[in-house]
Amino acid sequence: MNFIRFINGSIKLILKGSNAYYAWLFFLIVLAVWGAFGYADQLNEGLITTNMRDSVSWAFYIGNFTFLVGIAAAAIMLVIPAYIYNWKPIKEIVIFGELLAVCAVIMCIAFIVVDIGNPLRFWHMLPLVGTMNFPYSMLSWDFFFLLAYLIINLTVVTHLLYCIFYKKPYNKKMVQIIVLISIPMAVGIHTVTAFLYNALPARPFWNSALLAPRFLASAFCSGPAILIILFQILRKITKFEIQDKAIWTIAELMVYSMFIYLFFTIAELFKEFYSGTEHLLYWKYLLFGIGDSKEIVPYSWSSITMGFIAFVLFLIPKTRKNFVTLNIGAVLIYTSVYVEKGIALIIPGFTPDVLGQIYVYTPSMTEIRTAAMIFSLGFLLFTFLVKIAIAIVFENYRISDISKKEKHLMREMPTT
Amino acid sequence: MLVLGLFIFGYSCSSQLSEADNHNPEINNSTEQIAVKTAGITEIAVEAPPLTDGIFPCNDCHSEIEANPERRELVDMHDDITAIFNHDSDNRWCLDCHDLNNRDSLRLASGQLLDFKESYKLCGQCHGLKLRDWKVGVHGKRTGEWNGKKEYLLCVHCHDPHSPKFELLTPEPPPVMQENISYLNRKQNDHETE
Amino acid sequence: MKQNKTRRSFLKNISLASMAALTATGCNMKELDEFFQRNFRTLSDKEKEDIIKNLEQKYKQKYNKEFQVSAQPAMEQVEFAYALDLSRCVGCRKCVYACVDENNQSRAPQIHWIQVLQMEKEKGIDFAHSDVHYNPEKVPEKGHFYLPVACQQCRTPQCTTVCPVKATWQEPDGIVVIDYNWCIGCRYCMAACPYGARHFNWGEPEVPEEELNTDVHYLGNRPRIKGVVEKCTFCIQRVRKGKYPSCVEICPVGARKFGNLLDPESEIRYILENKRVLVLKEELNTQPRFYYFFGV
């Protein structure tokens, strides 16, 4: 009952806001509806409405899924430096990080649901009622890890917000333990997603030992970028206190992971280009195209350029400490990793395909619309959750705010 | 578990194989069996030979024609065959395979006469490796039952003995480009594959 | 009190609505049965019989033809293998279309279980420089040879390991099969297959009614639906009855050979003994049952 009132209180919060808030909601809802009609087309005709075919059987949806897993992982990995550097707003960082992680995981699951051919048969993946292929199939592991991660984060963040709402002390021990578990789990979900690709000797582009480390490095480059921007916004509009130094430290950590990522990529490039085996074809398609097929070359180079500029901006202390260049860098690295995970990772894995044929893939309108639907719904959810969190954490929104009204209502009702 | 199961199955299969080798001595020891087997092979059931209507039986004409053993190019009858004859034409001619006196028979190098439905023995004189493969079912078009009666064709069903080299074939249509597979132009695809 | 009243009426309305919904779907009990059907390998013989009966009825309704759906298990003491003579294949693609006809493959969107690759004689087997869309006037084209590829029915298949729902597995006679009613369409197996042998029903498959093959196997050539993966099953509906796969029978040059590895008299054992065989991508340790050899 108390929980229902908590939910009620939360719903009341998200329905009220400034004009900017309503405009943002309206924009997201319009985008979601436009996307939903595109997805309806796909439900009707099947996945043939996408541009995926036998040669390139995974593409835009799985690319987005991979990227979002990285975001979900990075959101929590930020908790590590928060503990180590003993940042004051550690609790707030945990809460917002977990909210981002929850939204990202829900979007991940949504991308999987739209990608599979028979979504209603998802129950086949469950143990007992279905036949889960655990421990052999990496997809079973991924499914299990993602669900566990979602439940853990949802539990902690709901518990924290609920306790603050009811002015009750939260169960510190339980929260600490779960948060500590969620850190290796964050590393775990992204590693398991990397292993999904790594496990396939049929795809030499992904069958490199460096794939999982590269995944983690790129996740740690891009995930904190959102949080940097979010914390600056929160700092402006709420009582959220985070020192400049903390934000600069996050940026510094991102530089380390960017450098590691750069080094890993150079290692991969050296091995393929120097050895010059036929496995080089995949990297060639990505960076230079094969014959006349040069479709993803602009994407790969723009990703590299943006990433490099972001690296330089974050590396030089002057530009790192200047919030304008810092934010530009954050947007650049986020976009760079998005393009890289979405296109530069999946497509070259399938081009040329296992029989040497080249199928040129670009996302179809249906795929873009469905992705827009999922992203806008995810952003919507994140907006709502952040609004609730801000109110509860910074604006002292408590049960007393709604219970007064309830008492009033009770007094007005006729007694029998 | 699946992998373990497959491994166990594979192992038991291999042990079965070695057992089979040890318990089949008759092939190695009994000459009588080999003789029967050889006789059995001569009884390979084949499709009827593709004899040309109106030409066969050859003795309808040749019983009244004087047999001429001189090596020459035929110009009156059978000039259609002369025109295409391409079977080691530098060294071979008609009477190397056809019997001089009985045109309804073929002739082995030993002089032994053969019915047309045993023509594979004649081909096998020179093409021994092909004959060996064909008897087991490895050479030639394979139909029938893999665990029962295989259906055999004669060599001549595929290879014209007078001009054995295969003609080039017209290929069936290539697969549609995957870029052209779309739910919007399904009807177009139908026309393409027809 | 008022709150209690509203709560009671709410519950009543909900239960009425759900009962109505159930009775509406009661007409489609068979569809519900099919939806909740379990993984084929976990079913009892009786359950399999019922499912097959339902399938035959469904096909009769949909296609207006009598289908014979078989669930014949693997024969004892049988392990299939296949051998293809690379020196003989001329690239005529008759096998491709015989397979399409026998196995009810969709014509639009087009699915071919067999892909014939044209390769250059000077390069040998080199997938990166091969062409599946070759279309000359006559075959074989000078300077080229042909390599047909379909499911290799590997002994250590990677596709069966990665399936998250165990919808695909290797039968005791070596054929890798798919339960089309269990496959969720995630296409992980397609990413895992090194030979491009698996194909997805991107749209609703279309087979012209007059070309339907009604002699089908549950795990093989029965009509599929959109959203599931399919592939060559060595014509499971034929080979488990002693017949050769369609591709073997149609090949005009006799390039295709098939048999039982456990039978010392089979063509396959003869080929392994007397011809030199090779397999594709052997470094991936898939151990295919599909061999390639050179007869001449």
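Me: Start with chain C and chain B. How many residues of each are in contact?
Reply: On the chain C side there are 58 residues, and they are in contact with 40 residues of chain B. Keep in mind that this is a predicted model.

Me: What area do chain C and chain B bury between them?
Reply: About 4400 Å², with 57% of it on carbon and sulfur atoms. The size of an interface is often given as the accessible area lost when the parts come together.

Me: How many salt bridges are there between chain C and chain B?
Reply: The count is two. One of them pairs Lys150(B) with Glu267(C), and their closest N and O atoms are 2.9 Å apart.

Me: Which elements give two or more residues to the side of chain C that touches chain B?
Reply: Helix 4 (94–102), helix 8 (246–250), strand 10 (256–260) and helix 9 (267–274) of chain C. Helix 9 of chain C supplies the largest share of that side, five residues.

Me: What does Glu267(C) touch, leaving out residues up to four places away in sequence?
Reply: From chain B, Glu267(C) touches Val136(B), Gly137(B), Val138(B), Arg142(B) and Lys150(B). From chain C, the residues are Tyr244(C) and Phe258(C). The side chains of Glu267(C) and Tyr244(C) are also joined by a polar contact of 2.7 Å.

Me: New topic. How many residues has the largest nonpolar core?
Reply: That core has 163 residues, and Phe96(A), Phe231(A) and Phe314(A) have the most contacts inside it. Its largest share, 15 residues, comes from helix 5 (residues 90–115) of chain A.

Me: What is Phe96(A) in contact with, apart from neighbours within four places in sequence?
Reply: Leu230(A), Phe231(A), Leu234(A), Val386(A), Ala389(A), Ile390(A) and Phe394(A).

Me: Which residues does the second core include?
Reply: Leu84(C), Ile111(C), Phe127(C) and Tyr195(C) are among its 67 residues, and this core is separate.

Me: Last one: which domains does the assignment give for chain C?
Reply: Domain 1 covers 1–36 and domain 2 covers 47–296. The centres of domain 1 and domain 2 of chain C, taken over C-alpha atoms, are separated by 46 Å.

Note on methods:
Residues numbered from 1 in each chain as written. Chains lettered and ligands numbered in written order. Predicted model: local features only at pLDDT ≥ 70, side-chain atom pairs only at ≥ 80, totals over all residues. Heavy atoms only, no water. Domains from an automatic or database assignment. Core = buried A, V, L, I, M, F, W, Y, C linked by side-chain atoms within 4.5 Å. Buried < 20%, exposed > 50% of the residue type's maximum accessible area, 1.4 Å probe, protein only. Helix = DSSP H or I, 4+ residues; strand = E, 2+ residues; numbered from the N terminus. Contact = heavy atoms within 4.5 Å. Buried area = accessible area lost by both parts, 1.4 Å probe. Salt bridge = Lys/Arg side-chain N within 4 Å of Asp/Glu carboxyl O. Polar contact = N/O pair within 3.5 Å; in protein donor to acceptor, adjacent residues only side chain to side chain.
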